[in-house]
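I opened the model today to see how the chain is put together. My notes follow in the order in which I looked things up.

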Amino acid sequence: MSQTTLNLVAITIFTLVMTSLLGPLLHLSPFVPAVVTFGILSVATLDTLSWRGQVGNLVVDWFASFSAEHRARVVQHEAGHFLAAHLLGIPVTGYTLSAWESFRQGQPGRGGVSFALEPLELQLQQGQSTQLSTQLLDRFCTVWMAGIAAEQLTYGNVEGGGDDRLKLRLLWSQLKRSDSEGALKERWAILQAKTLLESNRAAYDALVTAMAQRVPVEACKQLIEQHQATDTNDVKS
C-alpha cells in the first residue's frame, strides 16, 4: 500500500470520527458519516484506478502545506536533488515544490526535480542493463539519494525520499542484482551526496533560497556556478 493511500485512509478515519462526534451536536443524520466515508473512499478508488493517484496527492499535499516546516523541508530536499544533478552533469529540466504545481504543469506525482534520463533509459531500452556503466549508475544513484542527504544534513532526520529509494530499488531489480548489494549502494550514494552538498554548501544554501522563490531553472544553474568559487575558496582556507 502506497504512502498516499495510507494518508487517504487516515483522512477518511479522521473524517468519520469527527462527523460521528459532532453529528449529535449539529443535529446531523447518523447516515451522514457513512455517506461522507463512502464518498471519500469512492473518490480514492477512482483516483487510484483512473487518475494515477493525482487527486490523492493533491489532497495530502494540501493538508501538508499548512505546515511551514513541511514546506521548508520540501525545498531543502529538492535543492539537494537539483544541486547534485547539476554538479554531476545530469541536466535539470524543471522543478516543482508541490502536487498542485506538478498538476498545473501536467506532471504526475507530488512534485520534485526533473532531469534528463535519456542516457540511462537508452541503455536500458537497448537491453544493455547488464552493461550499464558504473559511472553512469553511480551518478544517478547519488542524485536520487541527494534529497535524503539534504534532509539529514539540515534536520538530522528524513521524512521524504520514499519515491527516491523506490527508483533506486526498481533499477537495481532491473539490473538483476541482489537486494543486499542494492542496500549497500543506497547507503553509499547517500554518503556521496552528503559529501557533495557539504563541499558546495554556499551554492546549496543559495539554491534553497532561490527555489523557495521559484527562480527559473537556468537562473538557478547560474547561481550554482557563481557560488562554486566561494565553496572552493572556503575549502582551501
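**Entry 1: terms and ground rules.** I take helices (H or I, at least four residues) and strands (E, at least two) as DSSP runs, numbered from the N terminus. This is a predicted model, in which I need pLDDT of at least 70 for local features and 80 or more for side-chain atom pairs, while totals for chains, interfaces and linings use all residues. Residues are numbered from 1 along each chain as its sequence is written, and side-chain values use heavy atoms, with hydrogens and water left out.

**Entry 2: the chain as a whole.** I listed eleven helices and two strands in the chain. Along the sequence they follow the pattern α-α-α-α-β-α-β-α-α-α-α-α-α. For burial I use relative accessible area: buried is under 20%, exposed is over 50%, and partly exposed is in between (1.4 Å probe, protein chains only). Of the 237 residues, 39% count as buried.

**Entry 3: the loop between helix 8 and helix 9.** I looked up Lys176, which is found in this loop. Lys176 is not a glycine, yet it has a positive phi of about 60°. With a relative accessible area of 75%, Lys176 is exposed.

**Entry 4: salt bridges.** I count a salt bridge when a side-chain nitrogen of Lys or Arg is within 4 Å of a carboxyl oxygen of Asp or Glu. Side chains of opposite charge can pair when their charged atoms come close. How many salt bridges does a search of the whole structure find? The search finds nine.

I noted the pair Glu186 and Arg169, whose side chains meet at 3.3 Å, N to O. Is Glu186 buried or exposed? Glu186 counts as buried, at 7% relative accessibility.

Another salt bridge joins the side chains of Glu181 and Arg177, at 4.0 Å, N to O. Glu181 is partly exposed at 35% relative accessibility, and Arg177 is partly exposed at 28%.

I then checked Arg201 and Asp205, which form a salt bridge of 3.3 Å, N to O. They are four residues apart in helix 10, so about one helical turn separates them. An α-helix has 3.6 residues a turn, so residues three or four places apart point the same way. Arg201 counts as partly exposed at 31% relative accessibility, and Asp205 is partly exposed at 38%. Elsewhere, salt bridges that share partners join Glu69, Arg73, Glu151 and Glu159 into one network.

**Entry 5: helix 10 and what follows.** Helix 10 (residues 201-212) has twelve residues. From its first C-alpha to its last, helix 10 reaches 17 Å, close to the 16 Å expected; the expected span is 1.5 Å times one less than the number of residues. Which residues of helix 10 are buried? They are Ala202, Ala203, Tyr204, Ala206, Leu207, Val208, Ala210 and Met211.

Just after helix 10, Arg214 takes a positive phi of about 60°. Arg214 is placed in the loop between helix 10 and helix 11 (217-236), and counts as partly exposed at 42% relative accessibility.

**Entry 6: the largest nonpolar core.** A nonpolar core is a set of buried Ala, Val, Leu, Ile, Met, Phe, Trp, Tyr and Cys residues joined through side-chain atoms within 4.5 Å. The largest one has 44 residues, of which Phe82, Tyr95, Trp144, Leu207 and Met211 touch the most other members. Helix 7 (residues 134-155) gives the most to this core, with eleven residues. In soluble globular proteins, nonpolar side chains tend to be buried together.

**Entry 7: helix 7 and its surroundings.** I looked at how helix 4 (residues 68-87) packs against helix 7: the angle is about 135° and the axes are 7 Å apart. Axes here are lines fitted to C-alpha atoms, for helices over the stretch in contact, and angles run from 0 to 180 degrees between N-to-C directions. The angle makes helix 4 oblique to helix 7; under 35 degrees counts as roughly parallel, over 145 as roughly antiparallel, 65 to 115 as roughly perpendicular and the rest as oblique.

Last, I looked up Arg139, whose place is in helix 7. Arg139 is partly exposed, with a relative accessible area of 23%. Arg139 and Ile90 are 49 residues apart in sequence and 8.2 Å apart in space, C-alpha to C-alpha.
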